[in-house]
Amino acid sequence: MSRAKSLAQLEAAEEAHANDPERADMLRRARIFKTGWLELAEALVRVRKSRSFAAWGYETFEDYTKKELRLRQETVDKLTGSFLFLKERAPDVMDRDGVTQKIPSYESVDFLRRAEERNDAPREVIDEIREKVLEHPVSMPTLSKHFAPRVFPPTDDERVAKEKVALKGAAERLRDVIAESRSAPLNAASELTMAIERFLAALEVGE
């Protein structure tokens, strides 16, 4: 059964049992569960194209999604980008019912979309990501852990920034341990604490 037909049946059943609030609510929740993010993404694409938001008092689509829908711009971009990617590259995924056939998360689809846009990524890796996203969907953390370093390797600046964050965290933890210690020699503890503070200050200015 197609996703559209399944949703139509659920909606009809919800209306038919409107006199039983609990039963109707269960049907509504099942319908929302099945639609997942695709329903919202499709509506966002439609509203952006039609500029309906202007009639609702908003100057821009971004203004509308931020103020009325309380959605971050990054989220909106991922939702709409992932929807359009599936529509063009894997339309059959959009017909899944969400239960017997799992619909990948919009974050995963966005990961695949960005991976396919890279010209330097090995084709076999892209094919493997596509399989993990579309055919046998895995969680976004799993996807990122296994493929991000191979497709989106960090730049030198990003590596340095990450190392600085790790060093800062380790230094601050050591400073806090020394401050709370009752057994550390006072003179040595004081000297080490001052050294740690100098180290943290140097990290801040990039020395």
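1. Arg 70 is exposed, with a relative accessible area of 64%. The cut-offs, for a 1.4 Å probe and protein chains only, are under 20% for buried, over 50% for exposed, and partly exposed in between. Arg 70 sits in the loop between α4 and α5. Its phi is positive, about 60 degrees, although Arg 70 is not a glycine. Most residues other than glycine have a negative phi. Helices are DSSP runs of H or I with at least four residues, strands are E runs of at least two, and numbering starts from the N terminus.

2. This is a predicted model, in which local features need pLDDT of at least 70 and side-chain atom pairs pLDDT 80 or more, while totals for chains, interfaces and linings use all residues. Residues are numbered from 1 along each chain as its sequence is written, and side-chain values use heavy atoms, without hydrogens or water.

3. Arg 51 also has a positive phi, near 60 degrees, and it too is a residue other than glycine. Its place is the loop between α2 and α3 (52-55). Arg 51 is partly exposed, at 48% relative accessible area.

4. The largest nonpolar core holds 35 residues. Such a core is a set of buried Ala, Val, Leu, Ile, Met, Phe, Trp, Tyr and Cys residues joined through side-chain atoms within 4.5 Å. Trp 37, Phe 61, Phe 83, Leu 86, Ile 129, Val 133 and Leu 134 touch the most other members. At least two residues each come from α2 (21-50), α4 (61-67), α5 (73-89), α6 (106-117), α7 (123-135) and α8 (140-151). The top contributor is α2, with six residues. A second, separate core has six residues, among them Ala 171, Ala 189, Ile 196 and Leu 200.

5. What does Phe 83 touch beyond its neighbours within four places in sequence? Its partners are Trp 37, Leu 38, Ala 41, Glu 42, Val 45 and Met 94. Contact here means heavy atoms within 4.5 Å.

6. Helix α6 packs against α7 at an angle of about 165 degrees, with axes 10 Å apart. Axes are lines fitted to C-alpha atoms, for helices over the stretch in contact; angles run from 0 to 180 degrees between N-to-C directions. The angle therefore makes α6 roughly antiparallel to α7. Labels go by angle: under 35 degrees is roughly parallel, over 145 roughly antiparallel, 65 to 115 roughly perpendicular, the rest oblique. The α6-α7 crossing is left-handed, that is, the near helix is turned anticlockwise from the far one by less than a right angle (clockwise would be right-handed). From α6, Ser 108, Val 109, Phe 111, Leu 112, Ala 115 and Glu 116 meet Arg 123, Ile 126, Ile 129, Arg 130, Val 133 and Leu 134 of α7.

7. Is Glu 116 buried or exposed? Glu 116 counts as buried, at 17% relative accessibility. This α6 residue makes a side-chain polar contact with the side chain of Arg 130, at 3.1 Å. A polar contact is a pair of N or O atoms within 3.5 Å; within protein, one must be able to donate a hydrogen and the other to accept it, and residues adjacent in sequence count only if both atoms are side-chain atoms. Outside the four places either side in sequence, Glu 116 is in contact with Phe 85, Arg 89, Arg 123, Ile 126 and Arg 130.

8. Helices α6 and α8 pack at about 15 degrees, axes 11 Å apart. They are therefore roughly parallel. Their crossing is left-handed. Glu 107, Ser 108, Phe 111 and Ala 115 of α6 make the contact with Met 140, Leu 143, Ser 144, Phe 147, Ala 148 and Val 151 of α8.

9. Helices α5 and α6 pack at about 70 degrees, with axes 8 Å apart. That makes α5 roughly perpendicular to α6. This crossing is left-handed. Tyr 106 belongs to α6 and is buried, at 18%. Beyond its neighbours within four places in sequence, Tyr 106 is in contact with Trp 37, Thr 75, Lys 78, Leu 79 and Ser 82. The C-alpha atoms of Tyr 106 and Glu 191 are 51 Å apart.

10. Last, α10 (residues 186-205), which contains Glu 204. Glu 204 is exposed, at 58% relative accessible area. Its side chain joins that of Lys 168 through a polar contact of 3.3 Å.
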